[in-house]
Structure formats: structure tokens, C-alpha cells
Amino acid sequence: MLSDYLTVKETGQHEIVIEKSRFIAHLARATTEEEAIHFIQKIKKEHSSATHNCSAYLIGETDNIQKANDDGEPSGTAGVPMLEVLKKRELKDTVVVVTRYFGGIKLGAGGLIRAYGKSVSEGLNHIGVVQRQLHQIIHITVDYTLLGKMENELRNSVYPIKEMNYLEKVEIQMYVPIKEVESFKSWITDLTNAQSEIKLGEEEYLEKDYL
């Protein structure tokens, strides 16, 4: 699993008009090729009367699955420029369909390349991009005598608290970036004078907006 990567924030769409043609960018996450194909087919069905429904997607930790489809536009003028925008923005597990309703003015090869690329780029700006960072959930168990000090330090730290359970002892669950697990454990050990029990839990991605 990647320690962090970028992807589209959510499923969404954004429309622009170029020389009277409507270009509607539909973006979504897809972690498998099947998901990407299903999304493309769904958009094609919804916009079956459109002139074109061009698509592109890249999937996998190393972008090992990449596809681009011009859907009737001149070869290389739609799907590939769309895919290049996803690559340039360093996105992963992302699928895009650009629906075009022809407005009567031909754009030429260069114009099409710019139009489809712009549609995806502006779509991403409108919908948003997030950074997904892999975190380790760390379970900390301490006596109540340490609670005041611990809670104050943890709430003022950069690490999010997942939950706190007040049982026979206090059990605290923290989100810690994978790369910082060892330094975090050392910090907790020092903070509690080694009077804490530290266990590793599940791994989970947290997301934050990426500018």
C-alpha cells in the first residue's frame, strides 16, 4: 500500500462551453478496471444522445492500468489528452468521461486536444483533489493518573485522536502516519516514563484537501 497518493475528492461533474460545444467532465474514483468501465458505461447511458463520450482512467499503485478512448473523435485528440491531465496532476485510481454535445463549429485537432484537456483540468479544479495518507491506528493504554498529562499533550499534537475509552484503564486510539510510527512510539514512551502499553492496530487512509 502506498504511504500517500492523490485522487479526485468525490464523484462529480463540471461543464464548460467552447465554440458552442458543451464539454461535461464526469470524474470518479476507481480502484479496479471493472469500476472504471462501469462508470464509463453509466455516463454513456445517461448521455446516449451526446456526440461523443470520451474516457480515460489510470489505476494501481504504479498506474499499471491505463486506458484512453476517443469515442469517435479523431485519433489522439480526446482520450490521450484527458489521460495526460490525470498524469500531470499525479492522480491515481481516477476515471474521467468527457461528454461532448457538438455545437456546430469544428475545432480542429489542436482545438480538440486543448478542449478535452481543459475540460478535465477545470473539472478537477471544481470537484477537488485530496491527498490520501496511510495511517497506523495505535492503541495506548495508561493509568488514570497519567490521563490529564496525556490528553493535553495528545490534543495539542499533530496526531488525530480516533477515540478514547474509559475502562479499568484509559485506552486511547491515535492515527499516526506510517512513516512516523516509530518516532511516535518513542515519544509516548518518554511522555509516560514507559508507563504505557502500546499496540499497533489496523492501517487506514485519512484524507485532506490538496491545493
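The axes of helix α2 (residues 79-88) and helix α3 come within 8 Å and cross at roughly 35 degrees. Axes are lines fitted to C-alpha atoms over the stretch in contact, with angles from 0 to 180 degrees between N-to-C directions. The crossing of α2 and α3 is right-handed, meaning the near helix is turned clockwise from the far one by less than a right angle. Helices are DSSP runs (H or I, at least four residues) and strands likewise (E, at least two), numbered from the N terminus.

This is a predicted model: local features need pLDDT of at least 70, side-chain atom pairs count only at 80 or more, and totals for chains, interfaces and linings use all residues. Residues are numbered from 1 along each chain as its sequence is written, and side-chain values use heavy atoms, without hydrogens and water.

From α2, Pro81, Met82, Val85 and Leu86 meet residues of α3, including Ile113, Tyr116 and Leu124. Contact means heavy atoms within 4.5 Å.

Tyr116 also takes part in ring pairing. The whole structure holds five aromatic pairs. Rings of Phe, Tyr and Trp (its six-membered ring) pair if their centres lie within 6.5 Å; planes under 30 degrees apart are stacked, over 60 edge-to-face, the rest tilted. Two of the pairs are tabulated.

| Pair | Centre to centre | Angle between planes |
|---|---|---|
| Tyr5 and Tyr205, edge-to-face | 5.5 Å | 80 degrees |
| Phe23 and Tyr116, edge-to-face | 5.2 Å | 90 degrees |

Tyr5 lies in strand β1 and Tyr205 in strand β10, so their pair ties together parts 200 residues apart in sequence. Phe23 lies in strand β3 and Tyr116 in helix α3, so this pair links parts 93 residues apart in sequence. Tyr5 and Tyr205 are both buried (under 20% relative accessible area, 1.4 Å probe, protein chains only; exposed is over 50%, partly exposed in between). Phe23 and Tyr116 are buried too.
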